[in-house]
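Morning, everyone. Let me put the model up, and then we'll go through its charged side chains.

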Amino acid sequence: AIPAGTGEPINDDLARTINSVVSHQLQNLTIEQTCKNYQTLGNCASLKVPAVNHPIWGHMAAGIRAQELRLQKILKLLASGITAFARSVDDEVLSLVQQDALALMCNAQFEINCLRKTAIQPMLNPKFAALCKTSTVQPLNLLLGEDLSKQVRELDDEAKTVGLIRAQPVSKN
C-alpha cells in the first residue's frame with residue numbers, strides 16, 4: 001500500500017538518484033559548472049534574480065544581508081533548473097506533468113522573492129512598508145522596483161494626505 005500523502009512510485013534508479021541528490025549538498029564547483037551550462041534564457045528575463053535596490057542594500061543589517069545572499073543563491077540555482085528543464089522539453093507543447101512542474105518551480109521563485117521582501121520590510125520606516133508588498137507582478141531588475149525614489153515620494157505624499165483627512169475624534173461636551 002502507498003502511504004497517505006505520497007504518489008505512485010517511480011523507477012527505482014531515478015528514485016535513488018533523487019533521494020541521494022536531495023539529501024546531500026552538491027560541491028560548489030559542481031554547482032558552478034552546472035549553472036554555467038544553464039544561464040538565463042535570452043527571452044525569459046523574469047528568471048533573472050532581481051538585485052536589492054542600492055539605497056536599501058546599504059542600510060541592511062549584516063544578518064539580513066547574509067540571508068539575502070543565500071536566497072539569491074537559491075534563486076540562481078532555481079533559475080538554472082528551470083532553464084535546464086525548458087531546454088529538455090522536446091516539443092513546443094508541454095505535457096500536463098511538464099506544465100505542472102514548470103508552474104511549481106516558477107511559483108517557488110515568486111515565493112522566494114516575496115520572502116526576500118518580507119525580510120526587508122521590518123527595517124523600513126512603517127510609512128514605506130508598501131514598498132515590500134508582494135504584488136502579483138515581480139520586478140525584473142530591482143527587488144523593490146525600478147524607480148524607488150518615485151515610489152518613496154508617492155508613499156510620502158500619500159501618508160501626508162491621509163494625515164490631513166484622517167478624522168479627528170469628536171468630543172461631546
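I'll take the salt bridges, then a surface patch.

A reminder before we start: this is a predicted model.

So, how many salt bridges are there? The count comes to two.

Start with Asp 13. Its partner is Arg 16, and their closest N and O atoms are 2.4 Å apart. Both residues sit in helix H1, residues 12–23. They are three residues apart, about one turn of the helix. Are these two buried or exposed? Asp 13 is exposed, and Arg 16 is exposed as well.

Now the other pair. Arg 116 and Glu 68 form a salt bridge through their side chains, at 2.4 Å from N to O. Arg 116 belongs to helix H5, and Glu 68 to helix H4, residues 62–88, so this pair ties together parts that are 48 residues apart in sequence. What about burial here? Arg 116 is buried, and Glu 68 is buried too.

On to the patch. Which residues gather in negative charge on the surface? They are Glu 146, Asp 147, Glu 154, Asp 157 and Glu 158.

Look at Glu 146. Where is it placed? Glu 146 lies in the loop between helix H5, 96–120, and helix H6, 148–165. Its relative accessible area is 48%, so Glu 146 counts as partly exposed. A patch residue needs over 30% relative accessible area and no salt bridge. At 48%, Glu 146 is over that area cut-off.

To recap: two salt bridges, and a patch of negative charge on the surface that includes Glu 146.

Note on methods: Residues are numbered from 1 along each chain as its sequence is written. This is a predicted model: local features need pLDDT of at least 70, side-chain atom pairs count only at pLDDT 80 or more; totals for chains, interfaces and linings use all residues. Side-chain values use heavy atoms; hydrogens and water are left out. Patches are made of residues with over 30% relative accessible area and no salt bridge: like charges are joined within 9 Å, nonpolar side chains (Val, Leu, Ile, Met, Phe, Trp, Tyr) within 5 Å. Accessible areas come from the Shrake-Rupley method with a 1.4 Å probe; for residues, only the protein chains shown count as cover. A salt bridge is a side-chain nitrogen of Lys or Arg within 4 Å of a carboxyl oxygen of Asp or Glu. Lys and Arg count as positive and Asp and Glu as negative; His and the chain ends are not counted. The place of a charge is taken as NZ of Lys, CZ of Arg, CG of Asp or CD of Glu. Helices (H or I, at least four residues) and strands (E, at least two) are DSSP runs, numbered from the N terminus. Buried means under 20% relative accessible area, exposed over 50%, partly exposed in between (1.4 Å probe, protein chains only).
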